[in-house]
Amino acid sequence: MKRKVDRECRVFNKLWELKYFFAKDELKQKAYCLICHEHLSVMKEYNIRRHYETNHAPIYSKYTGKLREDKVESLKRTLQIQQGLIKKNFENNENVTRAGYEITKIISQHGKPFSDGMYIKNCIIEAVNCLCPLNSSLFDGISLSASSVSRRTEELGKKYILQICEKTSNMLWYSLALDESVDISGTSQLLIFIRGVDENISITEELASVCSIHGTTTGKDIFDELEQTISDYNLEWEKLSCVTIDGAKNMAGSKKGLVGQITNKLEELHISNTLFIHCILHQHALCAKALNISCVLNPVIRIINFVRGSSLNHRQFKVLLDDFGSEYFDLPYYTAVRWLSCGNVLNRFYKLRSEIDIFLTSKNNYYPELSDLAWLSKLSFLVDVTTHMNELNLKLQGKENLICDFYRIIKAFRQKLMLFESQLGVRQFSHFSCFKSFCEANCNEIDITFQIGIIKELKHHFLHKFSELDKIESDIILFENPFSCNVENVQHELQLEVIDLQSNEQLKDCHRRTKLAEFYEYLKDDEFPRLKNFAIKMISIFGTTYQFSEYLTFSRRSNSFGEEQKMKTDKKVTKKLGKNSSCGKETEPVYTSQTS
């Protein structure tokens, strides 16, 4: 077997400095001759002595005692100065490279073109020239060309995937969320999110992969991409707790759709405890869309389009608002793909209805609805209803919500709808401020048949939606508050541990003081093994497919870099990949999925 010198871990002896004029080069980790500046590959006294006696002994043997010590120190100071310069240059180069990667990460996260790197560099240099011109040369070395930014984006993407792989290996349970949408180039983009929990109840939420599908997007095609992702991250089907989908036919189909494909795979593996959930936010949007409010919404849209469709009309309308001293300065467009748009548009339209009527009259464009009490009563009522719906939507948004939080919010809104229905029946409008004010201004002589019908229809949709969550209601109740649940309704394998838990006053106090996920960290593995495993499984469940905004663009760009670079469409990368497809309140919609 060949001898490996690097594995012998030879240590430099300080006595060799004075004896042989040798020192240790900290940069190269080798023995360094202070006289001739040569390095010896093997840090062994025999080699060092032979080098000294062969090359330097005849001259330097005359140095003895204090004179020899001074000579060694002088040579060492020269070495330290040289190493200091080299080390400083090395650190500067390392910092410059790190700065390039950090700027690349920011460019990718904000969805900017790769060529913007040079623009950013020029801005930095100009700022440095004004603030600290002596250091401007250091910033010149930052490489931010389009090719450098694209290469580093790909490297960061690979590192990002490796980090996820390290986390997935420790997951006890994980769930997946899938969202398939078409970008502006017509390419189908499949987003696969993963949420996993390890034994320490550390939650990992990441965008696992972005798959560009150029052909058909059937359930089998999506399943093939999903199966490949599971294989890439070495995930086990047995640990899959839930699959959250966007509700499209190719996703939700129980036979040929993704749900059917996954079900068949799980049956082959004899796994039956996986849950399928239709995105809660998406179902909320479907409940809102199912309402028949076209009698109010269509005239509103026509009027808004008339006001804003012409530049002259738009300018004159804004001048009118300014003359009247209105607190609002414009009338927003209605955007069907934005969850909050309908409520915001109706609310603004209702508050500006008088100004709008005056403006339309000045333009000889008469809309009888603006003077129709019945139509205005419907408008005022829908303003209140959509306000309640928007408040519900905002509560459902966010990354920290657990499945019990989503279900509690939905159940509360169901009860509110039942309360609304009963109060409308006796003409009590305390929870509909706009409609109440309108009725009081018109002596309550308003027919509320339309209003009662809207609430009944909305209640019907909310009662029949979210059936997946209703099926696991007992598990959600147990998970959210194991101290108040009925042990008789608990799974048999958990009953004894739940009784032990309910008898523990210390843990009961801990449950009141801490967040739910943090509480289950206090459960000891030897005392509550099944209950803790159950909690980890519930924590891992996705409630919605719209949970990510800050990592989305960066991951998309990293994943699809190769194809985009070949097409040389760097300028279009931002638009093609989109700023994000999350439910953020201030983001622009790019995909066909609804955004708030």
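Two strands count as paired if DSSP finds at least two bridges between them, and helices (H or I, at least four residues) and strands (E, at least two) are DSSP runs numbered from the N terminus. The model is a predicted one, in which local features need pLDDT of at least 70 and side-chain atom pairs count only at pLDDT 80 or more, while totals for chains, interfaces and linings use all residues. Residues are numbered from 1 along each chain as its sequence is written, and side-chain values use heavy atoms, with hydrogens and water left out.

Phenylalanine 22 stands opposite cysteine 33 in β2, a strand of residues 30–33 that runs antiparallel to β1 and is joined to it by 4 bridges. These two strands belong to an open, antiparallel sheet of 3 strands in the order β1-β2-β3, whose edge strands, β1 (22–25) and β3 (39–40), each pair on one side only.

Another open sheet holds 5 strands in the order β6-β5-β4-β7-β8, with mixed pairing. β6 (203–213) and β8 (275–278) each have a single partner strand, so one side of each is left without a neighbour in the sheet. Direction ignored, neighbouring strands here are turned by 20 degrees against each other on average. Strand β5 (residues 188–198) pairs with β6 in the antiparallel sense over 10 bridges, and leucine 191 has valine 210 in β6 as its bridge partner. Across β4 (171–182), β5 and β6 lies helix α7 (residues 146–168), which runs at about 130 degrees to β6; axes are lines fitted to C-alpha atoms, for helices over the stretch in contact, and angles run from 0 to 180 degrees between N-to-C directions.

Helix α22 (residues 492–502) and helix α25 (residues 529–539) pack at an angle of about 100 degrees, with their axes 8 Å apart. That makes α22 roughly perpendicular to α25, a term for angles of 65 to 115 degrees. In contact terms (heavy atoms within 4.5 Å), Glu493, Leu494, Glu497, Val498 and Leu501 in α22 meet Pro529, Arg530, Leu531 and Phe534 in α25.

Aromatic rings of Phe, Tyr and Trp (its six-membered ring) pair if their centres lie within 6.5 Å, and by this rule the count comes to 14 aromatic pairs. Such pairs link Phe381, Phe420, Phe429, Phe432 and Phe435 into a cluster. A charge sits over a ring if NZ of Lys or CZ of Arg is within 6 Å of the ring centre and within 35 degrees of the ring normal. The charged end of arginine 152 sits over the ring of tyrosine 101, 5.1 Å from its centre, and that of lysine 378 sits over the ring of phenylalanine 450, 5.1 Å from its centre.

Terms used
Angles under 35 degrees count as roughly parallel, over 145 as roughly antiparallel, 65 to 115 as roughly perpendicular and the rest as oblique. Rings of Phe, Tyr and Trp (its six-membered ring) pair if their centres lie within 6.5 Å; planes under 30 degrees apart count as stacked, over 60 as edge-to-face and the rest as tilted.
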